[in-house]
Amino acid sequence: MDLERIHAAVAAYLRDAAPSDAARLEFFEGLYGVLDERAQGVAAANGYAAPSAGETGELFAAGTPVFSKAPVAIDADEFGATCAAVASYMAAHAGLDADVASALGAFDWVRFAQRADLAQAGSDPTAFVNDVLANLGAFDVPADMPANLCAMTVMFALRAHLEPASESVCAVYAQSVAEGGEHAPASIDCPVCGSPASASWVGNTGDTSGSGRRQYCAQCGAQWHFDRVRCGRCGTRNQGHLHYTNVEGDRAHRLQTCDECGAYERVVFQDDLPEGVPFVMEVEDVVMAPLDAVAQQREA
Ligand SMILES: [Zn+2]
Ligand SMILES: [Zn+2]
């Protein structure tokens, strides 16, 4: 996570942000600081050995998430400490009702982590989060703690524990491509951790083709090559079924909607970004949050 760039991008957006947008940006800026500090501790504590360039290239080409074959080791006490750090940050800064905030802060996250299936968390984080959500009672999650807050705490904490490993997989994959390996992964979802993409961007990807598209995974931080004309949910390449829409006056942040699966994806167009905004997906992901409401209005 490039905190310096995140701070610069947030500062640029804050110059003329509406109060609610400003509050969201500042919340995430602080949260990324918490996650980055935890990620650095995790990376220092237990190194992750990514598969070789050849193996990584084969997994990408087969559409098999790398973590499913080379899982990330997640220490229960460390993960519990990360969850507790995220929860107390959210309790203090997320604008929650006092009783919800105190339930979130008071929950015993270390005990939760000791009972959770962290082998699954390190190999299939999306399934892990779904299983936690389906079994909140088994973890003694108090009734006054909303399930979505519990899930958010766990997902944010997982980012800190997965990111260092994801970074090394992405570096190894870049090496595999440089050695002539496959340029695009076969899977639609994240080729590193298997989670669905959070958002996407179109712009200068450094490819020989000039302008390209990348998917971004908020769960592990990976980015990967993706076709310009393709649905990031169902994978269709039928141009007639894919449409772009945006809020008037903001062509930098668009919704790509798909007639085939009915889903949508949020896409940043780098060339249309306001002057002087450093490009960083962690911030763009936050800036595009209101597009989810736009998409839901369209569906309604
Ligand atoms: Zn991922
Ligand atoms: Zn689709």
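The donor residues of the zinc ion (ligand 1) follow the sequence spacing C-x2-C-x23-C-x2-C in this predicted model. The protein donors are the SG atoms of C190, C193, C217 and C220, which lie 2.3 to 2.4 Å from the zinc ion. Angles among the 4 donor atoms run from 103 to 113°, and the site is tetrahedral. Within this site, C190 and C220 link distant parts of the chain, being 30 residues apart. C190 belongs to the loop between α10 (147-178) and β1 (199-207), whereas C220 belongs to the loop between β2 (210-216) and β3 (223-226). C190 and C220 are both buried.

Across the whole structure, 12 aromatic pairs are found. One of them joins Y48 and F67 in an edge-to-face arrangement, with 5.9 Å between centres and 75° between planes. Y48 is placed in the loop between α2 (19-45) and α3 (53-62), and F67 in helix α4 (residues 66-69), 19 residues apart. F67 has 0% relative accessibility and therefore counts as buried.

The pair of F112 and F139 is likewise edge-to-face, because the ring planes stand at 65°, with the centres 4.9 Å apart. This pair also links distant parts of the chain: F112 lies in helix α7 (residues 109-115) and F139 in the loop between α9 (125-134) and α10, 27 residues apart. Both F112 and F139 are buried. Elsewhere, ring pairs connect F27, F28, Y32, Y89 and F156 into a cluster.

Contacts between charge and ring involve R254. Its charged end sits over the ring of Y244, 6.0 Å from the ring centre. R254 also lies over the face of F269, at 3.6 Å from the ring centre.

How values were computed:
Residues numbered from 1 in each chain as written. Chains lettered and ligands numbered in written order. Predicted model: local features only at pLDDT ≥ 70, side-chain atom pairs only at ≥ 80, totals over all residues. Heavy atoms only, no water. Donors = N, O, S within 2.8 Å, 3.2 Å for Na, K, Ca; no water. Tetrahedral: all angles 85-135°; square planar, octahedral: opposite > 155°, others 65-115°. Helix = DSSP H or I, 4+ residues; strand = E, 2+ residues; numbered from the N terminus. Buried < 20%, exposed > 50% of the residue type's maximum accessible area, 1.4 Å probe, protein only. Phe/Tyr/Trp six-rings, centres within 6.5 Å; stacked < 30°, edge-to-face > 60°. Lys NZ or Arg CZ within 6 Å of the ring centre and 35° of its normal.
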